[in-house]
Amino acid sequence: MRYQSTRGNSPEQSFLEILLGGLAPDGGLYLPVQYPKVTPAQLDSWRGLSYADLAFEVLSLYCPDIPEGDLRALVRKTYTAAVYSNGRPEDKASDITPLHWLGEESGTRIGLLSLSNGPTLAFKDMAMQLLGNLFEYALQRAGQHLNILGATSGDTGSAAEYAMRGKAGVRVFMLSPKGKMSAFQSAQMYSLQDPNIFNLAVDGVFDDCQDIVKAVSNDLAYKAKHQIGTVNSINWGRVLAQVVYYFQGYLLATQSSSEKVSFTVPSGNFGNVCAGHIARMMGLPIERLVVATNENDVLDEFFRTGIYRARKSAETLHTSSPSMDISKASNFERFVFDLLAQDGKRTAALFKQVEETGGFDLSKDPAYATMRQFGFTSGRSTHTDRLKTIRDIDGKYGVMIDTHTADGVKVAREYLQKDIPMLVLETALPIKFEETIQEALGRPADCPPAFKDIKTLPQRVESIPADVGVVKQFITQHVS
Ligand SMILES: *Cc1c(COP(=O)(O)O)cnc(C)c1O
C-alpha cells in the first residue's frame, strides 16, 4: 500500500513515511493509491470481534510496513474498556463506541454511535489515542524525537495532550487563547502534570495562536533543528483510525452484510465524515452519508449547490457548537480528489483557486452530478435548532446530548428512510458544553464520575504574550 498526494505532484510514500508529517511537498493531502475492498463475507466474519481486533483488521489493510504483531499490540493497548469508560452507565464500555438506540421515527430506528467516552469526552480521542501509541512506536524505531506544536480552541488540544502524555520521545507545546475556553476545557488541559506536556496560555484569541504556529512552522531551519511537528486534522493516521468506528457502528446495527445503514456526521473540517467516505469506498454498505453543519455552513452550501466558498475570518461565526466553527474544511480536498476521479492536476488547480479567489464552482461540472453516487447529502442547524433538539431528545427519550450531536440529530431527522437505520455520530459529551445544556434544559449537564473534581485540581500553565519570538524561546529552553 502506497500513498499519493491529492495534487498529483509528490512521490508516493509508505504509511510510516507519512505518519509523522503533514501536507505532501506539493501542498496536497495524502490518500492511498487505491482503497482496499472488503467483501460482504469478510465483513460478516468480523462480527463479534473486539473493537481492537476490528481495528487491526481495518488498519492492517493500510500499513503493511508495520509488522502484524506490533500493530496488534498497538491497537490492543489503545482500545481498552478502561480508557473508554466515561459513557452512559447503561452502555457497554467494551464496545468502545457503543451504539445507543434512541427509538423509532418515520419507520426506522435512530441511534447514537457514542464516540466520546474516551479521556477527553470528545470523538477526537478515537484517533488521537492511537496516534500517541503509533508516534511513540515510529519514533522509537527511527531513533527520533518529536516536538508537537499546536493551537487549540478546545477539543483538539486536550485530545492531543491526553494521547501524548508520558510518551517516550514526544513533547507537546499547546497554545490556547487565555481565558477563552470553557472552564471545563481549560481544567482538562491545564490540570495535566506530565513533564512532557506544556500548556501556553496566549494573551490573544485562537487566530493569534494559530498564526504563531504557522510562523514557527514556516521557519524551516528552526523547524528542522528542533524536530517540530503537528497533529492537525489532515494527518492521515487520524483519518484512518476513524474509519474503524464506521465498521463498528455498522456491525452493531445490523445482523448481516446484506443490510444498509446511514450515518449523520456533525462536521467542521470534514475529517470525521471523510473517514465515513473511505469506509463506504471500501465497500461498507452505507446508504447515506449526511453532513451536518452549524451556522458555518461552507460544506452544506457545497453539497446543495456545487459551489465551494471558503469564508473569511470575519464571516466565521462563534456558535454554541464551537468545534464546528470553521471557515474552510481542511480535509475536504480528499473528497474532491475522489469526486474528480483522482485527477491530481484538476484538484491542484481548484485548491489553488481557493487560495487565490476563495473558492470554486463545480455546479455545472459533470463530476458534481455524480456526487449522489458517493452517498453524500447535507443540512444545517442553528442555535435555536440545537436548543430545541437537546430539549426534545431529553424529553422524548431521556437522553442528554451535546450541542454538536444535536446539530447531527436535527439534520438526521430530515433524511430518515424507512427500514434503513440512521446512526448519528455522538461527537462530545454534554458536560463539555455545559453552559448551553443549562440554557436548553434549565439544569446542569450530567458529569461522568471521573470528572467531578476536575475544576479544583492544581493547574500547570504558562502565560505568555502573543509573540512568535517568546514561543520559540520557550521551546528552545525546554527541548534540551
Ligand atoms: C472536532 C469536532 C467536530 C468536527 O469534526 P471534523 O472532523 O472537523 O469534521 C465535531 N464535534 C466535536 C465535538 C468536535 O470536537
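Tyrosine 137 is buried, with a relative accessible area of 13%; buried means under 20% relative accessible area, exposed over 50%, and partly exposed in between (1.4 Å probe, protein chains only). This is a predicted model, in which local features need pLDDT of at least 70 and side-chain atom pairs count only at pLDDT 80 or more, while totals for chains, interfaces and linings use all residues. Residues are numbered from 1 along each chain as its sequence is written, and side-chain values use heavy atoms, with hydrogens and water left out.

Tyrosine 137 belongs to helix α5; helices (H or I, at least four residues) and strands (E, at least two) are DSSP runs, numbered from the N terminus. Not counting residues up to four places away in sequence, tyrosine 137 touches Ile66, Pro67, Asp70 and Leu74, where contact means heavy atoms within 4.5 Å.

**The ligand site**

The ligand is surrounded by 15 residues, the closest being Lys124, Asp155, Gly268, Asn269 and Asn272; a residue is near a molecule if one of its heavy atoms lies within 4 Å of it. The shell divides into five nonpolar, eight polar and two charged residues. Here Ala, Val, Leu, Ile, Met, Phe, Trp, Tyr, Cys and Pro count as nonpolar, Asp, Glu, Lys and Arg as charged, and the others, Gly among them, as polar.

| Residue | Protein atom | Ligand atom | Distance |
|---|---|---|---|
| Lysine 124 | polar side-chain atom | oxygen | 2.5 Å |
| Glycine 268 | backbone N or O | oxygen | 2.8 Å |
| Asparagine 272 | backbone N or O | oxygen | 2.9 Å |

The protein covers 96% of the 390 Å² of accessible area that the ligand has on its own; accessible areas come from the Shrake-Rupley method with a 1.4 Å probe.

Asparagine 294 is placed in the loop between β10 (286-293) and α12 (298-305), and counts as buried at 0% relative accessibility. Its side chain makes polar contacts with the side chains of threonine 319 (3.0 Å) and aspartate 325 (2.9 Å). A polar contact is a pair of N or O atoms within 3.5 Å; within protein, one must be able to donate a hydrogen and the other to accept it, and residues adjacent in sequence count only if both atoms are side-chain atoms. Beyond four places in sequence, the residues that asparagine 294 touches include Ser321, Met324, Arg380 and Asp407.

Threonine 389 sits in helix α16 (residues 383-397) and counts as buried at 5% relative accessibility. Leaving aside neighbours within four places in sequence, threonine 389 is in contact with Ile401, Ala406, Val409 and Lys410.

**Positive phi angles**

Most residues other than glycine have a negative phi. Leucine 121, in the loop between β4 (108-114) and α5, has a positive phi near 60° and is buried, with a relative accessible area of 0%. Glutamine 227, in the loop between α9 (220-225) and β8 (228-229), has a positive phi near 45° and is partly exposed, at 37%.
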